[in-house]
Amino acid sequence: MAKKTSSRADSTASFGAGTALADAGEAPAAKKRSSTTKASTTKASTTKAGAAKKGATKKKAGRSAASSAEKGTSRKNAAKKRAAKKGAGKKKSGRGAKTKYTAKTADRHELYQLSVQSPDADVDFLVKTYRKLRGQKPTHLREDFCGTGYLMAEWLRRNDANTAEGYDIDPDPVEWGKARNFEGIEDPFERAHFHLEDVREPSRVAPQVRTAPNFSWMIFTDRPTLLSYFKAVHADLAADGLFIFDIYGGFEAFEEMEETRRIPAGFTYVWDQVSYHPATGDYHCRIHFRFKDGTKLKSAFDYRWRLWNLPEVVDIAREAGFSAVDSYWEGTDEDGESGNGEFKKHAKGENCPAWVTYVVAQK
Ligand SMILES: C[S@@+](CC[C@H](N)C(=O)[O-])C[C@H]1O[C@@H](n2cnc3c(N)ncnc32)[C@H](O)[C@@H]1O
């Protein structure tokens, strides 16, 4: 089918190709999208140096300071900016700086965690929301599509009484994460249990909070399958349980384009929206990494999702039995252009070029 417009000259050619390193079973990769201008969102646009890692929502086309799938807090933004400044005088930075990351030596799970995940911000939101709605702190978490268990580890770190269960069908990220993410945590594998099972399998202990972060649930590409997943989640939650997941959208989500972001650890993250088919919602995205020595890791992660829209997902969650389903939208930063990391319930949302919201479904 001929494309009417495309910001990516090569997107058709890229479709279905170059997935040698792809992990087809993997779901969503949270994209912490780069701070790019609208004009520069054509192929391989570049992130502003030192841009805040957090700040999910791009408020204005053309002038964003941070964009889409980055969720976080303004507090953390400020801390990161301070840390970046601090390091600047001590280490050689920018072009020519030596880093340990090259295509040969880098580990894709480490690159993913550094680029994509914000477990501290996610756990902040889970705890804050549960306390607000249920008047107490939650202790038992279930993470669906848990991968390396990065978020579960953060959950355990918050409180010695906290426990977690993680569900993922792939032993590779699970084993990687168990070996690396739980260092320094008291009794980690007595408190956190990984299950190499489909996310539709029931929990061992009914969770107070169950989460599916970074859009992983978008691997369910038809309505009956998504409904059956939501029904399984609803049945599985504790009586006062919450199911919290994220979703992204905005007109830039539909564009075939690449965005890049420099990661302070010393490499470049590339979020590649390869194709979107409006008749089906089929959405193909990839993550690539580029290194300072000129080498690349192409298609380190490959996603075949459906780009769902928010109202239809809310309807499906209600049909699954949830008593209330609300979306939480990010406030605006002082710059008036990017998100501030503070998510609040909002009935209508905001028509930003790129947004991420949390959906909170109450049992
Ligand atoms: C991109 S990772 C998510 C990692 C992490 N949770 C995050 O927030 O970024 C998606 C994971 O979903 C897992 N997965 C895909 N389909 C699944 C299913 N039906 N049941 C359980 N895990 C599944 C994959 O093995 C992969 O580890």
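Two strands pair if DSSP finds at least two bridges between them. Helices (H or I, at least four residues) and strands (E, at least two) are DSSP runs, numbered from the N terminus. The structure shown is a predicted model, in which local features need pLDDT of at least 70, side-chain atom pairs count only at pLDDT 80 or more, and totals for chains, interfaces and linings use all residues. Residues are numbered from 1 along each chain as its sequence is written.

**View 1. The open sheet of the protein chain.** The chain contains nine helices and 12 strands. Eight of the strands make up an open sheet with mixed pairing, in the order E3-E2-E1-E4-E5-E12-E10-E11. Strand E3 (192-195) and strand E11 (339-345) are its edges, each pairing on one side only.

**View 2. Pairing of strands E10 and E12.** Five bridges join strand E10 (residues 324-332) to strand E12 (residues 355-362) in the antiparallel sense. Within this region, serine 327 is located opposite valine 359 of E12.

**View 3. The loop between strand E4 (209-212) and helix H8 (223-236).** A residue is buried if 20 or more other C-beta atoms, placed from the backbone, lie within 10 Å of its own. Asparagine 214 counts as buried because it has 27 C-beta neighbours inside 10 Å, and phenylalanine 215 is buried with 25 other C-beta atoms within 10 Å.

Note on methods: Buried ≥ 20, exposed ≤ 12 C-beta atoms within 10 Å, placed from the backbone.
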